[in-house]
Structure formats: structure tokens, C-alpha cells
Amino acid sequence: MSGLLGELGKGAGKGGGGGGSIREAGGSLGVREAALEEKYFKEKERKQIENLKKYHKEEIQHHEDEIQRLQDEVKRHKHQIKKLKQNDDD
């Protein structure tokens with residue numbers, strides 16, 4: 001991504017956008033603005049990744065719980081079949 005930015009704070013990037021009046025003016029304000037913008041987007045991306053990891057962990061736990069529930073149901077049904085077979089033999 002930083003390849004599209006050009007030199008931070010030195011005006012428009014290579015992506016075709018203007019970059020805003022402060023960044024177009026360049027100088028230390030432009031550099032500072034670019035650094036703050038870069039920090040903002042990195043933090044936003046970090047939070048998105050963190051939320052995505054949390055979501056997947058919760059999904060995994062849900063599926064593991066569901067697997068356990070279904071395995072318990074299978075056991076229960078097998079037990080019922082076994083009881084029916086015993087009753088049938090009597």
C-alpha cells in the first residue's frame with residue numbers, strides 16, 4: 001500500500017487522488033498529516049483483524065459445542081435402540 005502513497009506528506013500520491021489541501025501543500029504539516037493518517041488506518045486494520053480472529057474463535061467454539069451435542073444425541077438414540085432390542089428379546 002505504501003508504494004501508492006509516494007513520499008508521505010509531499011502532495012498527491014500515485015493512486016490518482018489529490019490527498020487534500022494540507023498534504024498538497026507539503027512541508028511538515030503535510031508529513032505530520034500523512035503520518036497520522038497512516039497510523040489511523042494501521043490501527044483500524046489491526047482492530048478489524050482482532051475482531052475477525054475473535055469471530056472465528058467464537059464460531060469454532062459454537063461448532064465444537066454443536067458437535068458435542070450431536071454426539072450426545074447419537075449416544076442417546078443408540079441407547080434407545082439397545083433397550084428396544086432387549087425388550088424384543090424378552
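1. pLDDT is the predictor's confidence in each residue, on a scale from 0 to 100. The model is predicted, and confidence in the chain is lowest in helix 1 (residues 2-5), where the mean is 55. The highest value belongs to helix 3 (residues 27-89), at 95. For the chain, the mean pLDDT is 84, with 70% of residues reaching 70 or more. Where pLDDT is low, the predicted coordinates should not be read in detail. The points on residues below concern helix 3 for the most part.

2. Secondary structure. The chain has 3 helices and 0 strands. Read from the N terminus, the order of elements is α-α-α.

3. Helix 3. This element counts 63 residues. From its first C-alpha to its last, helix 3 reaches 93 Å, close to the 93 Å expected at 1.5 Å a residue.

4. Burial and surface. Of the 90 residues in the chain, 9% count as buried. Helix 3 contributes Gly30, Ala34 and Glu38 to the buried residues. The chain's accessible surface comes to about 7,900 Å²; carbon and sulfur atoms account for 54% of that area.

5. Contacts along the sequence. Take the contacts in the chain between residues at least 6 apart in sequence: 10% of these join residues at least 24 apart.

6. Salt bridges, overall. Side chains of opposite charge can pair when their charged atoms come close. A search of the whole structure gives 4 salt bridges.

7. Arginine 46 and glutamate 43. The closest N and O atoms of this salt bridge are 2.6 Å apart. Which spacing along helix 3 separates arginine 46 and glutamate 43? They are 3 residues apart, so about one helical turn lies between them.

8. Glutamate 50 and arginine 46. Arginine 46 also takes part in a salt bridge with glutamate 50, with 2.8 Å between the closest N and O atoms. Both residues lie in helix 3, 4 residues apart, or about one turn of the helix. Glutamate 50 has a relative accessibility of 45% and counts as partly exposed.

9. Arginine 69 and glutamate 66. A salt bridge links these two residues, the closest N and O atoms being 2.7 Å apart. Both belong to helix 3, and because they are 3 residues apart they are separated by about one helical turn. Is arginine 69 buried or partly exposed? Its relative accessibility is 42%, so arginine 69 counts as partly exposed. Glutamate 66, at 29%, is likewise partly exposed.

10. Aromatic pair. How many aromatic pairs does the structure hold? The structure has 1. The partners are tyrosine 40 and phenylalanine 41, and their arrangement is edge-to-face. The ring centres lie 5.0 Å apart, with 80° between the planes. Planes over 60 degrees apart count as edge-to-face, so the angle sets the class. Tyrosine 40 is partly exposed, with a relative accessible area of 49%, and phenylalanine 41 is partly exposed as well, at 41%.

Definitions and conventions. Residues numbered from 1 in each chain as written. Heavy atoms only, no water. Helix = DSSP H or I, 4+ residues; strand = E, 2+ residues; numbered from the N terminus. Buried < 20%, exposed > 50% of the residue type's maximum accessible area, 1.4 Å probe, protein only. Contact = heavy atoms within 4.5 Å. Areas by Shrake-Rupley, 256 points an atom, 1.4 Å probe, with all protein chains shown as cover. Phe/Tyr/Trp six-rings, centres within 6.5 Å; stacked < 30°, edge-to-face > 60°. Salt bridge = Lys/Arg side-chain N within 4 Å of Asp/Glu carboxyl O. Expected span 1.5 Å × (residues − 1).
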